[in-house]
Amino acid sequence: PIYRMFFRGPLSLPWLIGIIGMFWLSLSVYLTVRLLKVENKILIILVAGLMATNITLTSQIATYLYEFDFNALALLASVGAVTFWRTQNRWKQFLLAPLCLLLSLSIYQAYITVTVTLMIWLSLMDLLDRKKIRSVLIEGVIGILFLLIGMLLYLFLGKLVYAVTGITPQPRTDMFHLNNILDTILAFFSL
(Lines give C-alpha, C1' and ligand atoms only; values in the text may rest on other atoms or scores of the structure.)
Protein backbone atom coordinates (compact mmCIF):
# COMPACT_ATOMS: atom_id res chain seq x y z
CA PRO A 1 0.00 0.00 0.00
CA ILE A 2 2.81 2.47 0.78
CA TYR A 3 4.53 1.71 -2.52
CA ARG A 4 1.31 2.16 -4.47
CA MET A 5 0.63 5.46 -2.74
CA PHE A 6 3.99 6.90 -3.85
CA PHE A 7 4.50 5.35 -7.27
CA ARG A 8 1.27 4.50 -9.05
CA GLY A 9 -1.77 5.18 -6.94
CA PRO A 10 -4.79 2.89 -6.97
CA LEU A 11 -4.48 2.18 -10.70
CA SER A 12 -2.93 -0.82 -12.42
CA LEU A 13 -1.94 0.68 -15.76
CA PRO A 14 0.23 -1.80 -17.70
CA TRP A 15 2.28 0.90 -19.41
CA LEU A 16 3.01 2.65 -16.09
CA ILE A 17 3.84 -0.65 -14.36
CA GLY A 18 6.18 -1.46 -17.26
CA ILE A 19 7.96 1.90 -17.13
CA ILE A 20 8.43 1.79 -13.35
CA GLY A 21 9.49 -1.87 -13.46
CA MET A 22 12.03 -1.22 -16.21
CA PHE A 23 13.42 1.70 -14.20
CA TRP A 24 14.01 -0.56 -11.16
CA LEU A 25 15.41 -3.27 -13.44
CA SER A 26 17.78 -0.79 -15.09
CA LEU A 27 19.11 0.28 -11.70
CA SER A 28 19.60 -3.40 -10.82
CA VAL A 29 21.59 -3.93 -14.01
CA TYR A 30 23.69 -0.82 -13.31
CA LEU A 31 24.54 -1.97 -9.77
CA THR A 32 25.28 -5.52 -10.94
CA VAL A 33 27.63 -4.27 -13.66
CA ARG A 34 29.41 -2.09 -11.10
CA LEU A 35 29.66 -4.93 -8.58
CA LEU A 36 31.07 -7.34 -11.15
CA LYS A 37 33.37 -4.63 -12.57
CA VAL A 38 32.18 -5.27 -16.11
CA GLU A 39 33.64 -2.69 -18.51
CA ASN A 40 33.25 -4.37 -21.90
CA LYS A 41 30.14 -2.98 -23.63
CA ILE A 42 29.19 -6.35 -25.11
CA LEU A 43 29.37 -7.96 -21.66
CA ILE A 44 27.28 -5.14 -20.22
CA ILE A 45 24.65 -5.80 -22.88
CA LEU A 46 24.77 -9.51 -22.05
CA VAL A 47 24.30 -8.84 -18.32
CA ALA A 48 21.38 -6.53 -19.08
CA GLY A 49 19.92 -9.09 -21.47
CA LEU A 50 20.21 -11.92 -18.96
CA MET A 51 18.60 -9.88 -16.23
CA ALA A 52 15.78 -8.63 -18.44
CA THR A 53 14.95 -11.81 -20.34
CA ASN A 54 15.50 -14.61 -17.84
CA ILE A 55 12.68 -17.11 -17.53
CA THR A 56 11.78 -16.08 -13.98
CA LEU A 57 11.21 -12.45 -14.91
CA THR A 58 9.51 -13.04 -18.25
CA SER A 59 7.16 -15.68 -16.81
CA GLN A 60 6.33 -13.39 -13.93
CA ILE A 61 5.60 -10.49 -16.29
CA ALA A 62 3.42 -12.72 -18.46
CA THR A 63 1.34 -13.97 -15.53
CA TYR A 64 1.54 -11.25 -12.88
CA LEU A 65 2.08 -8.04 -14.83
CA TYR A 66 0.36 -6.01 -12.12
CA GLU A 67 3.21 -6.97 -9.74
CA PHE A 68 6.14 -6.46 -12.13
CA ASP A 69 7.22 -3.14 -10.67
CA PHE A 70 7.02 -4.51 -7.11
CA ASN A 71 9.14 -7.50 -8.00
CA ALA A 72 11.63 -5.41 -9.97
CA LEU A 73 12.02 -3.27 -6.83
CA ALA A 74 12.63 -6.48 -4.85
CA LEU A 75 15.38 -7.40 -7.33
CA LEU A 76 16.91 -3.94 -6.94
CA ALA A 77 16.80 -4.30 -3.15
CA SER A 78 18.56 -7.68 -3.40
CA VAL A 79 21.33 -6.23 -5.54
CA GLY A 80 21.42 -3.16 -3.27
CA ALA A 81 21.98 -5.39 -0.25
CA VAL A 82 25.07 -6.86 -1.92
CA THR A 83 26.23 -3.37 -2.90
CA PHE A 84 26.10 -2.23 0.72
CA TRP A 85 27.78 -5.47 1.83
CA ARG A 86 30.72 -4.67 -0.49
CA THR A 87 31.34 -1.25 1.05
CA GLN A 88 34.09 -0.96 3.61
CA ASN A 89 31.79 0.99 5.89
CA ARG A 90 30.67 -1.38 8.65
CA TRP A 91 27.51 0.55 9.58
CA LYS A 92 26.31 0.27 5.97
CA GLN A 93 27.12 -3.44 6.02
CA PHE A 94 25.15 -4.08 9.20
CA LEU A 95 22.36 -1.51 8.81
CA LEU A 96 21.67 -0.76 5.15
CA ALA A 97 22.44 -4.21 3.72
CA PRO A 98 19.99 -5.98 6.10
CA LEU A 99 17.36 -3.29 5.45
CA CYS A 100 17.67 -3.82 1.70
CA LEU A 101 17.36 -7.56 2.24
CA LEU A 102 14.32 -6.96 4.46
CA LEU A 103 12.72 -4.90 1.68
CA SER A 104 13.46 -7.59 -0.90
CA LEU A 105 12.12 -10.39 1.31
CA SER A 106 9.03 -8.35 2.15
CA ILE A 107 8.14 -7.99 -1.52
CA TYR A 108 9.32 -11.21 -3.18
CA GLN A 109 11.23 -13.76 -1.14
CA ALA A 110 12.62 -15.66 -4.14
CA TYR A 111 15.14 -12.92 -4.89
CA ILE A 112 17.21 -13.84 -1.85
CA THR A 113 18.85 -16.25 -4.28
CA VAL A 114 20.10 -13.25 -6.27
CA THR A 115 21.67 -11.82 -3.12
CA VAL A 116 23.38 -15.08 -2.16
CA THR A 117 24.53 -15.83 -5.71
CA LEU A 118 26.08 -12.37 -6.13
CA MET A 119 27.82 -12.72 -2.77
CA ILE A 120 29.31 -16.08 -3.76
CA TRP A 121 30.26 -14.80 -7.21
CA LEU A 122 32.02 -11.74 -5.77
CA SER A 123 33.85 -13.85 -3.20
CA LEU A 124 35.09 -16.15 -5.96
CA MET A 125 36.19 -13.12 -7.99
CA ASP A 126 38.12 -11.87 -4.94
CA LEU A 127 39.90 -15.21 -4.67
CA LEU A 128 40.71 -15.15 -8.39
CA ASP A 129 42.08 -11.62 -7.92
CA ARG A 130 44.42 -13.13 -5.31
CA LYS A 131 42.91 -11.43 -2.31
CA LYS A 132 43.95 -13.00 0.94
CA ILE A 133 41.80 -15.97 1.85
CA ARG A 134 41.45 -14.62 5.38
CA SER A 135 39.98 -11.29 4.20
CA VAL A 136 37.58 -13.06 1.80
CA LEU A 137 36.52 -15.36 4.63
CA ILE A 138 35.95 -12.40 7.00
CA GLU A 139 33.83 -10.63 4.38
CA GLY A 140 31.92 -13.86 3.83
CA VAL A 141 31.16 -14.13 7.55
CA ILE A 142 30.02 -10.50 7.57
CA GLY A 143 27.80 -11.35 4.60
CA ILE A 144 26.30 -14.31 6.44
CA LEU A 145 25.67 -12.07 9.46
CA PHE A 146 23.88 -9.43 7.39
CA LEU A 147 21.79 -12.16 5.76
CA LEU A 148 20.81 -13.48 9.19
CA ILE A 149 20.00 -9.99 10.47
CA GLY A 150 17.85 -9.29 7.39
CA MET A 151 16.02 -12.62 7.66
CA LEU A 152 15.41 -12.20 11.40
CA LEU A 153 14.09 -8.67 10.80
CA TYR A 154 11.77 -10.11 8.16
CA LEU A 155 10.57 -12.84 10.50
CA PHE A 156 9.93 -10.59 13.48
CA LEU A 157 8.49 -7.62 11.57
CA GLY A 158 6.25 -9.99 9.62
CA LYS A 159 4.82 -11.38 12.83
CA LEU A 160 4.41 -7.83 14.13
CA VAL A 161 2.54 -6.71 11.00
CA TYR A 162 0.18 -9.68 11.30
CA ALA A 163 -0.42 -8.94 14.97
CA VAL A 164 -1.08 -5.23 14.40
CA THR A 165 -3.25 -5.60 11.29
CA GLY A 166 -5.10 -8.70 12.41
CA ILE A 167 -4.42 -10.47 9.13
CA THR A 168 -4.53 -14.26 9.47
CA PRO A 169 -1.52 -16.09 8.00
CA GLN A 170 -2.32 -18.74 5.43
CA PRO A 171 -1.18 -22.29 6.19
CA ARG A 172 1.25 -23.93 3.73
CA THR A 173 1.96 -20.67 1.92
CA ASP A 174 2.92 -18.39 4.74
CA MET A 175 5.81 -18.92 7.12
CA PHE A 176 4.29 -16.57 9.69
CA HIS A 177 1.57 -19.01 10.68
CA LEU A 178 4.28 -21.01 12.45
CA ASN A 179 4.65 -20.18 16.12
CA ASN A 180 8.39 -20.39 16.58
CA ILE A 181 11.70 -20.94 14.84
CA LEU A 182 11.68 -24.67 15.66
CA ASP A 183 8.35 -25.10 13.87
CA THR A 184 9.79 -23.26 10.88
CA ILE A 185 12.85 -25.52 10.76
CA LEU A 186 10.77 -28.68 11.19
CA ALA A 187 8.35 -27.53 8.48
CA PHE A 188 11.29 -26.93 6.15
CA PHE A 189 12.69 -30.42 6.71
CA SER A 190 9.26 -32.02 6.35
CA LEU A 191 9.08 -30.59 2.84
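Is lysine 131 buried, partly exposed or exposed, and at what relative accessibility? Lysine 131 counts as partly exposed, because its relative accessibility is 41%. The points below concern a predicted model.

1. Lysine 131 pairs with aspartate 126 through their side chains, with an N to O distance of 3.9 Å. The cut-off for a salt bridge is 4 Å. Aspartate 126 also meets arginine 86 in a salt bridge, here at 2.8 Å, N to O. Arginine 86 sits in the loop between helix 5 (68-85) and helix 6 (90-107), and aspartate 126 in helix 7 (residues 112-128), so this pair ties together parts 40 residues apart in sequence.

2. Aspartate 126 is buried, because its relative accessible area is 7%, and the threshold for buried is under 20%. Arginine 86, at 22% relative accessibility, counts as partly exposed.

3. Helix 6 to helix 8. Glutamate 139 and arginine 90 form a further salt bridge, and their closest N and O atoms are 3.3 Å apart. Glutamate 139 belongs to helix 8 and arginine 90 to helix 6, so the pair ties together parts 49 residues apart in sequence. Glutamate 139 is buried, with a relative accessible area of 17%; arginine 90 is partly exposed at 38%. The count of salt bridges for the model comes to 4.

4. Helix 8, geometry and burial. Helix 8 has 33 residues and spans 47 Å from first C-alpha to last, close to the expected 48 Å. Its buried residues include Val136, Glu139, Ile142, Gly143, Phe146, Leu147 and Gly150. In an α-helix there are 3.6 residues a turn, so residues three or four places apart point the same way. Just after helix 8, glycine 166 takes a positive phi of about 80 degrees.

5. Nonpolar patch. Phe94, Leu137, Val141, Ile144, Leu145, Leu148, Ile149 and Met151 make a nonpolar surface patch of about 670 Å². Helix 8 (residues 133-165) gives the largest share of this patch, 7 residues. One of the patch residues is leucine 148, which lies in helix 8 and counts as partly exposed at 44% relative accessibility.

6. Glutamate 39. This residue is placed in the loop between helix 2 (14-36) and helix 3 (41-53). Glutamate 39 counts as exposed, because its relative accessibility is 73%. From glutamate 39 to valine 141 the C-alpha to C-alpha distance is 29 Å, at a separation of 102 residues in sequence.

Conventions: Residues numbered from 1 in each chain as written. Predicted model: local features only at pLDDT ≥ 70, side-chain atom pairs only at ≥ 80, totals over all residues. Heavy atoms only, no water. Helix = DSSP H or I, 4+ residues; strand = E, 2+ residues; numbered from the N terminus. Buried < 20%, exposed > 50% of the residue type's maximum accessible area, 1.4 Å probe, protein only. Patch = residues over 30% accessible without salt bridge, like charges linked within 9 Å, V, L, I, M, F, W, Y side chains within 5 Å. Areas by Shrake-Rupley, 256 points an atom, 1.4 Å probe, with all protein chains shown as cover. Expected span 1.5 Å × (residues − 1).
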